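Welcome, and please load the model in your viewer. We will start with the whole chain and then select a few elements in turn.

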Amino acid sequence: MRGFMHIVKGYCLSLAYIYRLCRLISLNSQHTLMYAWHSTKVAKYSCLMNVIMVNGWQVDFFAVEVGARGYCARTTTACLKRMGFTNKLAYSTANDLGKISMRSSFCIWLARESNVWSTDSLMQLPKSKQALPIVETKGVSSRRKGPSKKVSQNKNDTQPISVYKNIGFLNKGNSCYANAILQVLSTIPTLWCQSGSESFHLSPIARSISLNMAKLKQSLSPVDPSNFLWALERQMHSDGKLDFQFNTQQDVAEILFVVLDALKGFSPIAADKISTEISMSVSCNTCLCTSVNVEMQDILTLPMTSKIQSCVSKFLEPEILTDGNKWFCPQCFAHRESTRETQISRSSEILFLHLKRFLKHGEHLVKDNRVVECVSLRDSLLQLPLVSDTDTMFNQNYSLLATINHSGTLTAGHYWAYVKDPATNSWYHCNDRAVCKCSPPILNNNSCYILCYVRC
């Protein structure tokens, strides 16, 4: 009899341990599921948050999560404290929310087979008894920034509101190219905000950019860009570049092209903001037969000169196609010496320029380390020649917004960025986690590689 009691006792203890283990696994799975939904909702609403901030509002963003078993995320108490609740009241309110959520979930489970929950039965109710439309709400509070003590209290006085925050990104191992791209994108929120606000079905790159920009606004320490790097690696692998690894040396121009393509993939507005229409015509010098090709380019690749304005002029100069580069004329049915002309027929709001920083030295390519004047002391604007449909030529002015710089050789080196805060006209030197103010003359250097302009 005593042996039988020991067996029963051991059996009961085993059941107790199994129950505790199952409960622990259930709670862990619930936490994992809530974290996944939390990340999804943060990505969805961070675009809206940044659009509100660009319009001059201060935003406190909280994605509040309350589980079916009464578990409240930490953002719940943080939201309540920001709203003015005391610590004791915030925690007691969170506990009450958990109990209400648990009871509500149990009531829904009890009524899971009731016909009242069907959509058809709700549509048959009188208008006075129909349920009010459910509006999804988040713990987001928006308010205008009040004037500082040093600013005049006159209502007509308007002060620029900075959209840039001098916070850097962690280097995850040769990821300086990604950090420089993210810093440049942080100065043009209308580009990735429009891409995220039009459709919830975002590409992994667009969603990761939105998350990193939200962290950049709220964090007080360098941001970890791992989600952007993993999204970039998945995108490159899906494009067939299976040997790509984000923690290896990369050409920032190639990566920027992939990022811009991902941003405009779900947003026609974003495509109009960054795509420039280029018209290229080739004319036979013998019979004057002409072929015209029009294409959209996100990044214009320019030849190297001492001034950025001269780089644009050289890019648009007519080119004679001769020797081994002759054009096959469809009218002459032979390769003829021809003239190729390039014109810009429509400009974008955001203009990306890529400098060809390489020279052919014998049979090898070496880096071109010439100094390029990006900002002139007399006129800091870039004039982009445009040709309209009526063959009328005019100049479109652009202002420099950011640059991505490179030091080293063609096969190895380091990237960093210079970005401008449009609200205060202050320039920042962004080198991974280190961000500090700098003066505009430092922009005229021998390391600028990618230049970002905004239309005036």
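## A guided tour

Start with everything shown: among contacts (heavy atoms within 4.5 Å) between residues at least 6 apart in sequence, 65% join residues at least 24 apart. This is a predicted model, in which local features need pLDDT of at least 70, side-chain atom pairs count only at pLDDT 80 or more, and totals for chains, interfaces and linings use all residues. Residues are numbered from 1 along each chain as its sequence is written, and side-chain values use heavy atoms, with hydrogens and water left out.

Switch to a cartoon view and you will find 11 helices and 18 strands. Helices (H or I, at least four residues) and strands (E, at least two) are DSSP runs numbered from the N terminus. Of the 456 residues, 39% are buried, where buried means under 20% relative accessible area with a 1.4 Å probe, counting protein chains only.

**Colour by confidence.** The pLDDT (the predictor's confidence in each residue, from 0 to 100) averages 77, and 72% of the residues score at least 70. Select residues 119-163 next: here the pLDDT is below 50, and the stretch has 50 contacts in the model beyond near neighbours in sequence.

**Select helix H11, residues 308-315.** Show the side chains of Ile 308, Cys 311, Val 312 and Phe 315, the buried residues of this helix. Look down the axis of H11: these residues line one face, because they fall within an arc of 95°, taken from the directions from the helix axis to the C-beta atoms. Their packing partners are strands E5 (299-302), E9 (338-346), E10 (350-355), E13 (381-387) and E18 (448-455).

**Move to strand E10.** How many of the residues of E10 are buried? The count is 6 of 6. Ile 350, Phe 352 and His 354 lie on one side, with Leu 351, Leu 353 and Leu 355 on the other. Two strands pair if DSSP finds at least two bridges between them. E10 pairs with E5 in the parallel sense over 4 bridges, and with E18 in the antiparallel sense over 5 bridges.

**Finish at the open sheet.** Select its 4 strands, which have the order E4-E3-E9-E6 with antiparallel pairing. E4 (290-297) and E6 (319-321) are the edge strands, each pairing on one side only. Strand E3 (residues 276-284) is joined to E9 by 8 bridges, and Glu 277 stands opposite Arg 346 in E9.

Note on methods:
Buried means under 20% relative accessible area, exposed over 50%, partly exposed in between (1.4 Å probe, protein chains only).
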